[in-house]
Amino acid sequence: MAIMHQQDKEEKFYDSLQELEALVKTAQGAVVDKVVQKRPSPHRRYYVGEGKLEEMKTIIEEKEIELVIANEELSGGQARNLHEELDVRVIDRSQLILDIFAARARTKEGKLQVELAQYTYMLPRLHGQGAALSRLGGGIGTRGPGETKLESDRRHIRNRMDDIKRRLKQVVNQREQYRENRRKQQLFQVAVVGYTNAGKSTLFNNLSKSDSFQEDQLFATLDPLSRKMKLPSHFEVLLTDTVGFIQDLPTALIAAFRSTLEEVREADLILHVIDAAASNRDDHERTVYHLLQELAADDIPMLTVYNKKDLIDEEHFVPSSFPYVLISALEDASIHTIKQETEKIMKEQWQYYRGFIPEENAKSLAKIRQHTILEKEEYHETKEGYDVSGYVDPQHPVMKEIKEFHQE
């Protein structure tokens, strides 16, 4: 069920409703019917008006509906009153998203973050929900702490939340150590971000030739994955996949997943993947930019990757962001294009060098091969050494070797 407010643009409203359907499908549910009402503001008691409520009772009875989902966040009172009137379980969009996250979290950190977000969401809504919560069975909106009779003891919940925060702090410290190790190794880091279902994981898999979970579902990736990616010059960078962004992501979830999303802040380059065929592509772009801003990652160099070109008319395609590439994540040629563009952006940020390395300095040559984009390496028998040229990060320790052999 959803309310269209006077200020809502019709197209945006129905896109949001379509997204809710996709969320239900991802949670292994089936949409039986949709109820839409135009109102200046939600009904304080029932969210929808009383006339619409009677209409919903009939639909629920006739179609044997087991669950009602609101497209906006419900107050505890609204959810309770709807449950009492309709005699079926009632959840909102936020609970649905939290439920999907609960089902998809794989790592210890991911599971703890989801549990914390669920408690944060439920705590202010505990009052008077006892009967409804204690009768929850299985199904959408009941995974995680929903099954543990949340209303029984507020103090117990707060203690559990404190415990989770302590455990998360340890995990976050471990993550910071991993980051520190990566910094020491001076690996160039590329983060793949984008609106959920834009094709990030498919692209990540094909760029790194890995097999991270990929499916036509929202939030297919919850835990950040990192893999090496080889560029055309054979230079290796670290590629990280991230959780998909979405409009109206529950605040509790953004807060809980902040440490995971902060992987993006460590990146030297962001690949922003956009579904070029999405009807509300511009809204998706804005949502991602807004979240990057919140993460203080909006000043990192970015390559915009418009994906799913096979689903659009390329001749009439107009990009909103630059630099950009228009690709299909399933095509080898597109994967090569992204790698070329990534390398091109790196060269623009880095410094050109050329020099001669005597063959007795094999150790220096090995470092230059590993830590720079090597464009030329020629052996000269008469000079007994190598002419080299390429691009280097001016902040990298390998600059010490390059300065030693640099030629103007």
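Helices (H or I, at least four residues) and strands (E, at least two) are DSSP runs, numbered from the N terminus. Welcome to a short tour of a predicted model, where local features need pLDDT of at least 70, side-chain atom pairs count only at pLDDT 80 or more, and totals for chains, interfaces and linings use all residues. Residues are numbered from 1 along each chain as its sequence is written, and side-chain values use heavy atoms, with hydrogens and water left out.

Let us start with Q78, a residue of helix α3 (residues 76-86). Q78 has a relative accessible area of 9%, so Q78 is buried (under 20% relative accessible area, with a 1.4 Å probe and protein chains only). Beyond the neighbours within four places in sequence, Q78 makes contact (heavy atoms within 4.5 Å) with P42, H43, R44, R45, Y47 and E73.

Next comes an open sheet of 3 strands, ordered β11-β13-β12 with antiparallel pairing; two strands pair if DSSP finds at least two bridges between them. Its edge strands, β11 (351-358) and β12 (373-380), each pair on one side only. On average, neighbouring strands here are turned by 15° against each other, direction ignored. Between β11 and β13 (residues 385-392) there are 8 bridges, and I357 has Y386 in β13 as its bridge partner.

| Helix | Strands | Angle to β12 |
|---|---|---|
| α12 (residues 332-349) | touches β11, β12 and β13 | about 80° |
| α13 (residues 362-371) | lies across β11, β12 and β13 | about 150° |

Terms used. Buried means under 20% relative accessible area, exposed over 50%, partly exposed in between (1.4 Å probe, protein chains only). Axes are lines fitted to C-alpha atoms, for helices over the stretch in contact, and angles run from 0 to 180 degrees between N-to-C directions.
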